[in-house]
Amino acid sequence: MSPCISSYLTKSAALVLLASNSPATAFIAPQPTKIAKTSSRRSPTCLHESKDNDRARMEKSWEHMMGSDWREFRAKLVAQEQDMVGDTKNSATKQASSSSKKEEKIGNFISGAISSIFSKGESSKEKEREETVSPTAVKEEYNDSSPIDIFDGVDVGGATKFSKIQINSPCDDPFMDEEECHIVYDEPHVQIDSHRWAHPLYHVEPGCILIANEKLGGVFHQTVVLIIDHNENTGSTGMVINRPFPGNLIKIASDTDSNIDLSLKMAFSKAPVSYGGPVMQDQFSTLHGFGEVMGSKKVCPGVFVGGSSQLMQEVRRNHLHPTEVLFVKGHAAWVPGQLTREIEKGVWYIAAASADLILRYAGAPVSKDDNASDLWADVLSCMGEKYEDIATTHSGRGDERMLP
């Protein structure tokens, strides 16, 4: 990774850690409050909560429209760096190929000169052709470079494809140097699909995902786990997001042990349900992209957990469809240091991914490029390089399966 990008990401990570310095809380499914029967006239409290919900929804929409997703910005930087590395490799390959061709031409000239000395009975036409090839001509051809590369301006006078003419002052931001300003404010030449992007991470953070190693068996085989909380002192919590049950909430909650409220069952009767992990399987949590309503938590831009009672109000107001909320049964948990040890042993791949990939089973749109039935393989494919090979080799079972 280039020094300027590393410096910027380091400063960004420090700000994130500073903002989230409070101890991580255990991930407990929201306890829905029972709704008492009321008259048709809405109370002031209900009106106030509705306004708060509307504000949460608008804030989420504004954040999306303004493009203020710092994770997506980081993904663009990663894609740009990968493109720069690829250009370097291609340039080295091209130079090696060009050098090989020039050496071949010199070899052909020497071979032709030797054959002209020792061969006899050659036609005058062939002699004239050989005489037109001189060492001076070969030397000029050897020293000539590709006109396409040189007239593009790349590598001329130390210029690169990122070189720009400065019109105004280099940078007015007191917290960044000139190179970091260019990284932040210049339009990146590499664009990503905001709907489906994923890239490797080398640290755990709330909102990242863990992709199970292809060798991992048991209930976590080929799972994708969304990290909700992570703290080296208190441990980590997360939820599996790619194990949908064959049935909706009313069926799953009725067939299994759960403490879910009847009013939630009825309001979200058609909501999808997913296996979330082996811990506290009688508890249900909610994963959605509606907004940071009362009782919910913003895990990362565009992704929220909790707030089921407020979401139920939005369903009744027809502002939210039940299929846009994923009910997650159980969750995963790690004691302090456990997740770090598992990652060091290669049990998990760490990645950042788009909100639409994380909310695949919570009503997010699905495009023709998506592998709609295999989120594990889809995320690995988006990560590219060796991860794409892993997805191609080991995919096939899909997300819906019988748990061991």
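Modeller: Glu 385 sits in helix α14. Helices here are DSSP runs (H or I, at least four residues), as are strands (E, at least two), numbered from the N terminus. This is a predicted model: local features need pLDDT of at least 70, side-chain atom pairs count only at pLDDT 80 or more, and totals for chains, interfaces and linings use all residues. Residues are numbered from 1 along each chain as its sequence is written, and side-chain values use heavy atoms, with hydrogens and water left out.

Biologist: Why is Glu 385 called exposed?

Modeller: The relative accessible area of Glu 385 is 60%. Exposed means over 50%, buried under 20%, and partly exposed in between (1.4 Å probe, protein chains only). So Glu 385 counts as exposed. Glu 385 also has a positive phi of about 50°, although it is not a glycine.

Biologist: Asn 318 is not a glycine either. What is its phi, and why is Asn 318 called exposed?

Modeller: Asn 318 has a positive phi of about 60°. It lies in the loop between α10 (308-316) and β10. Its relative accessible area is 70%, so Asn 318 is exposed.

Biologist: What makes α13 and α14 roughly antiparallel?

Modeller: The axes of α13 (residues 375-383) and α14 (residues 385-394) cross at roughly 150° and come within 6 Å. Axes are lines fitted to C-alpha atoms, for helices over the stretch in contact, and angles run from 0 to 180 degrees between N-to-C directions. Angles under 35 degrees count as roughly parallel, over 145 as roughly antiparallel, 65 to 115 as roughly perpendicular, and the rest as oblique. Therefore α13 and α14 are roughly antiparallel to each other.

Biologist: Which residues make the contact between α13 and α14?

Modeller: α13 brings Trp 376, Ala 377, Leu 380, Ser 381 and Met 383, while α14 brings Glu 385, Tyr 387, Glu 388, Ile 390, Ala 391 and His 394. Contact means heavy atoms within 4.5 Å. These residues divide into 7 nonpolar, 2 polar and 2 charged. Ala, Val, Leu, Ile, Met, Phe, Trp, Tyr, Cys and Pro count as nonpolar, Asp, Glu, Lys and Arg as charged, and the others, Gly among them, as polar.

Biologist: How do you know that α13 is mostly covered?

Modeller: In α13, 7 of its 9 residues are buried. Leu 375, Trp 376, Ala 377, Asp 378, Val 379, Leu 380 and Met 383 are the buried ones. They pack against β1 (198-200), β2 (209-212), β3 (224-231), β11, α12 (355-358) and α14.

Biologist: How many aromatic pairs are there in the whole structure?

Modeller: A search finds 4. Trp 334 and Trp 348 form one of them, 6.4 Å centre to centre with 85° between the planes, and it is edge-to-face. Rings of Phe, Tyr and Trp (its six-membered ring) pair if their centres lie within 6.5 Å; planes under 30 degrees apart count as stacked, over 60 as edge-to-face, and the rest as tilted. Trp 334 and Trp 348 are both buried.

Biologist: Why is the pair of Tyr 349 and Tyr 387 called edge-to-face?

Modeller: The ring centres are 5.4 Å apart and the planes stand at 80°, so the pair is edge-to-face. Tyr 349 lies in strand β11 and Tyr 387 in helix α14, so the pair ties together parts 38 residues apart in sequence.

Biologist: What makes these two tyrosines buried?

Modeller: Tyr 349 has a relative accessible area of 14%, so it is buried. Tyr 387 has 12%, so it is buried too.

Biologist: Which residues form one aromatic cluster?

Modeller: Phe 220, Trp 334 and Trp 348 do.

Biologist: Why does Ala 353 count as buried?

Modeller: Its relative accessibility is 0%, so Ala 353 counts as buried. Ala 353 is in strand β11. Beyond four places in sequence, it touches Arg 71, Trp 197, Ala 198, Ile 209 and Ile 358. Ala 353 and His 199 are 154 residues apart in sequence and 6.8 Å apart in space, C-alpha to C-alpha.

Biologist: And what makes His 288 buried?

Modeller: His 288 is at 0% relative accessibility, so it counts as buried. His 288 lies in strand β7 (residues 279-288). Leaving out residues up to four places away, its contacts include Phe 304, Leu 311 and Leu 359.
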